[in-house]
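These notebook entries record what I looked up, item by item. The sequence and the structure come first.

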Amino acid sequence: MPVGADPVPPDSLRVVVEPIAAAVVRADRAEKDLPPTVTFGGPRSQREQLMLRFPSTWSTLEVDAAFLLLHPAVEADPSGRDVQVTVTLAGASWLSGTLRRAPPDRAPASLGLARTRPPTLLRIDVTAQLRAFQKHVAPDHGFIIRAEREAERGATYLTGADGEAPQLEVYGRPRTASRAVP
């Protein structure tokens, strides 16, 4: 945004929700329980993905901006470098817990940067994904969050199983009849 500009219109509402479903994808095992953390971009044997589905309480808004917030696991060993993270839409249904495989993903994609020294809140712009949910009649299967490259130790975040839950932060204005999506 230009200096002095508002990131969203002044009359925007802010809605923050926690996930109604969460899963960690670990190739080595599947379990019913959700692990307390997920590591993005770790060595191949530790590389994981996070899947999140949120309630649609934001869907009555014309979305101005939306952010996915992940809280760092401060006790995790920091990586030697930042980890680039990608967020896409899940293209099929999935169950909460620990999964061996993620469903296929679909566009749009957003990028974020997981800072590990010191571990900080990961805030990824998912405005395009929420607008895609509103435009398409395809079911909302949630988000898939993953790192594309391997890092020394990766970046570790809380899943909400034992600690702070991820959040979806949405800014928007109530839809009017002329702006409503059919």
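**Entry 1: the helix**

Against which strands do the buried residues of α1 pack? I found that they pack against β5 (61-70), β6 (83-90), β8 (105-114), β9 (122-125), β10 and β12 (167-174). I took packing from contacts, meaning heavy atoms within 4.5 Å. The buried residues of α1 are T127, Q129, L130, A132, F133 and Q134. Buried means under 20% relative accessible area, exposed means over 50%, and partly exposed lies in between (1.4 Å probe, protein chains only).

**Entry 2: what the model is**

I note that this is a predicted model, in which local features need pLDDT of at least 70 and side-chain atom pairs count only at pLDDT 80 or more, while totals for chains, interfaces and linings use all residues. Residues are numbered from 1 along each chain as its sequence is written, and side-chain values use heavy atoms, with hydrogens and water left out.

**Entry 3: the chain as a whole**

I counted 1 helix and 12 strands in the protein chain. Helices (H or I, at least four residues) and strands (E, at least two) are DSSP runs, numbered from the N terminus. The pattern along the sequence is β-β-β-β-β-β-β-β-β-α-β-β-β. The protein chain has 182 residues, and 47% of them count as buried. Among its contacts with a separation of 6 or more, 83% join residues 24 or more positions apart. I recorded an accessible surface of about 9,500 Å² for the protein chain, with 52% of it belonging to carbon and sulfur atoms. The areas come from the Shrake-Rupley method with a 1.4 Å probe; for residues, only the protein chains shown count as cover.

**Entry 4: R14 and E169**

I located R14 in strand β1 (residues 13-17). Leaving aside neighbours within four places in sequence, R14 is in contact with E169, V170 and Y171. The side chains of R14 and E169 form a salt bridge (2.9 Å, N to O). E169 lies in strand β12 and R14 in strand β1, so the pair ties together parts that are 155 residues apart in sequence. A salt bridge is a side-chain nitrogen of Lys or Arg within 4 Å of a carboxyl oxygen of Asp or Glu.

Are the two partners buried or exposed? R14 is exposed, at 54% relative accessibility, whereas E169 is buried, at 5%. I also found R14, R123 and E169 linked in a network of salt bridges.

**Entry 5: other salt bridges**

How many salt bridges does the structure hold? I found 6. One of them joins R26 and E48, with the closest N and O atoms 2.3 Å apart. R26 lies in the loop between β2 (21-25) and β3 (37-40) and E48 in the loop between β3 and β4 (49-53), so the pair ties together parts that are 22 residues apart in sequence. R26 is buried at 13% relative accessible area, and E48 is buried at 9%.

I then looked up D64 and R173, whose side chains meet in a salt bridge (2.6 Å, N to O). This pair links distant parts of the chain, with D64 in strand β5 and R173 in strand β12, 109 residues apart. D64 is buried at 18%, and R173 is buried at 16%.

**Entry 6: H141**

Where is H141 found? I placed H141 in the loop between α1 (127-135) and β10 (143-147). H141 counts as buried, at 14% relative accessibility. Not counting residues up to four places away in sequence, H141 touches R53, A90, G91, A92, S93 and W94.
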